[in-house]
Amino acid sequence: MKKLGIILALVLAIGSILGACGKKEETSGTTNKAESKDTSYTIKVANYYAPDHPQNKALIEKFKPLVEEKSGGSLKVEIYENNKLGGEKDFYTAVRNGTVEMGLPGMIMQADVPKMGAIEWPFLLRDFKHAKAVLDGPVGKELTDELESTHGVHPLVWSANGFRMVSSSKKVASMEDFKGLRLRMPNTPVFVNLGQLLGANVSPMPLSEVFTALEGKVVDGQDNPIGVVKSSGFYEVQDYILESRHGFTPNVLIINQNFWKKLSDNQRKAIEEAAKEYSDYEWKLSEESYEADKKFLEEKGMEFISPDAKFMKQMEEAVQPMYEEYYKQYPWAKEMVQKIKDTK
């Protein structure tokens, strides 16, 4: 009996050891599965804004850390601000080609995707709240519907540049003051036409060339939201800002379509969630920064001119031929304008 007890004890002990080994292997298999990682990628994000602009603050403080965290470290984000990867046309082309993974252009694509340009049509958006409601809603989605099929880039979210105004070395306080004003505008038809209808001599050029052109007196003025006037240092070579709010300029965060398709579901989800948080934060920063930027620029010696109702009406009436042309050119234009105006 004693011998039998010893044998039973040995059998139980061996069974226990074998069972433990089985459990260890099972646990090990689970751990390996949990530790399996998505393919790692480094994402370059190109833009033309200065480092302290709300766009780059939001990219650095929200988008980059959230993508890296939510992807479990499989995605790394590098921000290339201030035209480090070329001007808007250059980096937009690079995103289309896939040599740069992501970018933050303005509406440069509107030559091939005309609907994208509608959001910048003059005196159309009322304020930041209206602009965000339009772009975050059905209209914003409709505007980007053709971007993927036409240019091979996947749109993620809209963000704000802001309401455009005229900064100049000559005071612009009436329609008469626009006459002969050498005005830099972005090289897009809507802004070129707008400047010409206001009476200015328009010089289209990319943002990267504007400071030098102002400093060398090649142009008398330029149009941009005042956040750009501050972050790009235009106050060093400009004296006046006309608070015309003649147009609203957004940005769209895009990613190369082929790169997007290579990512895992988890990685795409990480980017989408981070993009949403970046966008909400950037809209908030842009809207809140206006008064602070205005105070900064006034302290640097710039004079702000607030147009009265008569002057505003004159500017709005001057650009109406643009709308008549758009309505003739694009079957969707009139309905689109109404949708934007009706958005609450």
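A: Setting aside residues up to four places away in sequence, Leu143 touches Val113, Lys115, Met116, Ala118, Ile119, Leu135, Trp158 and Met336; contact here means heavy atoms within 4.5 Å. This is a predicted model, in which local features need pLDDT of at least 70 and side-chain atom pairs count only at pLDDT 80 or more, while totals for chains, interfaces and linings use all residues. Residues are numbered from 1 along each chain as its sequence is written, and side-chain values use heavy atoms, with hydrogens and water left out.

Leu143 lies in helix α5 (residues 138–144); helices (H or I, at least four residues) and strands (E, at least two) are DSSP runs, numbered from the N terminus. With a relative accessible area of 1%, Leu143 is buried, where buried means under 20% relative accessible area, exposed over 50%, and partly exposed in between (1.4 Å probe, protein chains only).

An α-helix has 3.6 residues a turn, so residues three or four places apart point the same way.

Aromatic residues form another feature of the model. Rings of Phe, Tyr and Trp (its six-membered ring) pair if their centres lie within 6.5 Å; planes under 30 degrees apart count as stacked, over 60 as edge-to-face and the rest as tilted. Trp121, Tyr323, Tyr326, Tyr327, Tyr330 and Trp332 form one aromatic cluster. The count of aromatic pairs comes to 18. Tyr48 and Tyr49 make a tilted pair, 4.7 Å centre to centre with 45° between the planes, and both residues are buried. The ring centres of Phe163 and Phe248 are 4.9 Å apart and the planes stand at 65°, so this pair is edge-to-face. That pair links distant parts of the chain, since Phe163 is in strand β4 and Phe248 in strand β8 (residues 240–256), 85 residues apart. Phe163 is buried at 5% relative accessible area, and Phe248 is buried at 2%.

Strand β4 also holds His154, which is buried with a relative accessible area of 15%. Beyond four places in sequence, His154 is in contact with Glu148, Leu253, Ile254, Ile255, Gln257 and Trp260.

The largest nonpolar core has 104 residues, and those with the most contacts inside it are Phe63, Trp121, Phe178, Leu253 and Ile271. The largest share of this core, eight residues, comes from strand β4 (residues 153–168). A nonpolar core is a set of buried Ala, Val, Leu, Ile, Met, Phe, Trp, Tyr and Cys residues joined through side-chain atoms within 4.5 Å.
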